[in-house]
Amino acid sequence: MPTILGQNQYGKAENRVVKITRDGATHHIKDLNVSVALSGDMDDVHYSGSNANVLPTDTTKNTVFAFAKEYGIESAEQFGIHLARHFVTSQEPIHRARIRIEEYAWERIETSDANSKFIGADEVKHSFVRKGQEVRLTQITYDGEKWEVVSGLKDLVVMNSTNSEFWGYVKDKYTTLQEAYDRILATQVSGRWRFNWTDDEQKMPNWEKSYEQTRKHMLQAFAETYSLSLQQTLYQMGSRIINNRSEIDEVRFSLPNKHHFLVDLEPFGLKNDNEVYFAADRPYGLIEATILRDGCEARIPVDMTNL
C-alpha cells in the first residue's frame, strides 16, 4: 500500500445551544457554541468505508442538546467534561474526545422604575442584551484516563491612553518609525490558559470563579504596567495570572498591536499634543508568547491563538 492513514478525527462542529434556566420569574441564560471531535479505532471507515465503528455526527449533535437538558450547563468547562467523558466511556472504538466551546455572555437589561406604565422593572427579569466584550473559550480533551482543560477568551479589546513608550529599537535603512515616549497602547486579547487539573482524583477547580478572577488579574496587569513594549505588558499579564491562580500552570497570549498614529495637523495650523490619532486596522504587529509556572512544560499549541 503506497499510503497510510495518519492522525484523524471526526465530529459535529459548531452546535449552537442556548439553555434557559427558569428560577421562577428570574431566568438565566447559557449560550454556547460546542464542537465535538472524536478519534480512536477509525482505520476501517477510511480504508474501506465501513461505518461499523462510527457514531454518526448527527448523534453527537443530539447528545449536546440532550445533555443541556439532562445535566444543565453549570459552566462551559463542566459541560465539556460531561460530554467528553460520555463519548469515551460509552463508545468502545472512541479513545479520545476533544470538546471546544465558545460561550457568549448575556446581561440583564436595566429597565425603568416600578412606576412605569408598562410592566414595571420589578417584574422584568427575562430580558437580556448580548455583551459586546469577549467570547469565553474552553477546550476539553479526555482519553479515558487523563483530562486536559485549556480555557481562555478572544476579542477582548483594551487600551491604555498613556503610560506606554516604544524607543531604543534596532534601526536600519528601512526604518521610518519615530520613537515614542507617550503613546496609546491598544490590543485585542486572544488568550488561553491550561489548568493543572488532569484526573478525577484531584479537586476540580471552580470554573466560573477561576474565569472571573483570571480575567480580573489579566486586566489589572494591563492597566497597571508602565509599558516599554507590548511584549513586556504581555509577560506581566501572564505572570499576574500564574502568581495569583494556583490552578493554572501555563498561559499563552496572542496580542495584535492596534496601532494609533498621531495625525499631522500642522498643515491646518494646529498643534497635535497627543490628542488626535488615526486608528489603523492593518497591517499590525502581532506579539505572541507563552508564560509558564517554573518547572512546567508548555502544552498549549502555538496555533490555538495565532491569526
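Let's start with N274, which sits in the loop between β10 (260–262) and β11. When I say helix or strand, I mean DSSP runs numbered from the N terminus, with helices being H or I of at least four residues and strands being E of at least two. N274 has a phi near 55°, a positive value in a residue other than glycine. At 31% relative accessibility, N274 is partly exposed. On cut-offs, buried is under 20% relative accessible area, exposed is over 50%, and partly exposed is in between, with a 1.4 Å probe and protein chains only.

Before I go on, a word on what you're looking at. This is a predicted model, where local features need pLDDT of at least 70 and side-chain atom pairs count only at pLDDT 80 or more, while totals for chains, interfaces and linings use all residues. Residues are numbered from 1 along each chain as its sequence is written, and side-chain values use heavy atoms, with hydrogens and water left out.

E14 belongs to the segment before β1 (15–23), and it counts as exposed, at 57% relative accessibility.

And where is the cis peptide bond? It joins R282 and P283, with omega about -5°. P283 is in the loop between β11 (277–279) and β12 (285–292).

One more loop while we're here: G132, between β5 (128–130) and β6. G132 is exposed at 75% relative accessibility.

Okay, zooming out. How many helices and strands does the chain have? There are 5 helices and 12 strands. The C-alpha atoms fill a box of roughly 75 × 70 × 35 Å along the principal axes. Of the 307 residues, 41% count as buried.

For contacts, the criterion is heavy atoms within 4.5 Å. Taking contacts with a separation of 6 or more, 66% are between residues 24 or more positions apart.

Now, helix α3, residues 76–90. Its 15 residues should span 21 Å at 1.5 Å a residue, and the end C-alpha atoms are 21 Å apart, which agrees. The expected span here is 1.5 Å times one less than the number of residues.

Which residues of α3 are buried? They are A76, E77, Q78, F79, G80, I81, L83, A84, F87 and V88. As background, an α-helix has 3.6 residues a turn, so residues three or four places apart point the same way. The cover over the buried residues of α3 includes β2 (26–40), α2, β3 (94–104), β6 (135–142), β7 (147–160) and α4 (207–224).

Last topic: the annotation. An unreviewed UniProt entry lists T57, D58, F166, R183, Q231 and N257 under "binding site". Those positions span 201 residues in sequence, and the farthest two C-alpha atoms are 52.4 Å apart, so they do not all gather at one spot. UniProt positions are in the numbering used here, feature names are shortened, and annotations may be inferred rather than shown by experiment.

Let's take three of them. D58 lies in helix α2 (residues 57–70) and is partly exposed, with a relative accessible area of 37%.

R183, in the loop between β7 and β8 (185–195), is buried at 14%. Leaving out residues up to four places away in sequence, R183 touches N160, S161, T162, S164, E165, F166, S229, L230 and N257.

N257 is in strand β9 (residues 248–257), and it is buried too, with a relative accessible area of 9%. Beyond its neighbours within four places in sequence, N257 contacts R183, L185, A186, L230, Y284 and G285.

That's my tour; over to you.
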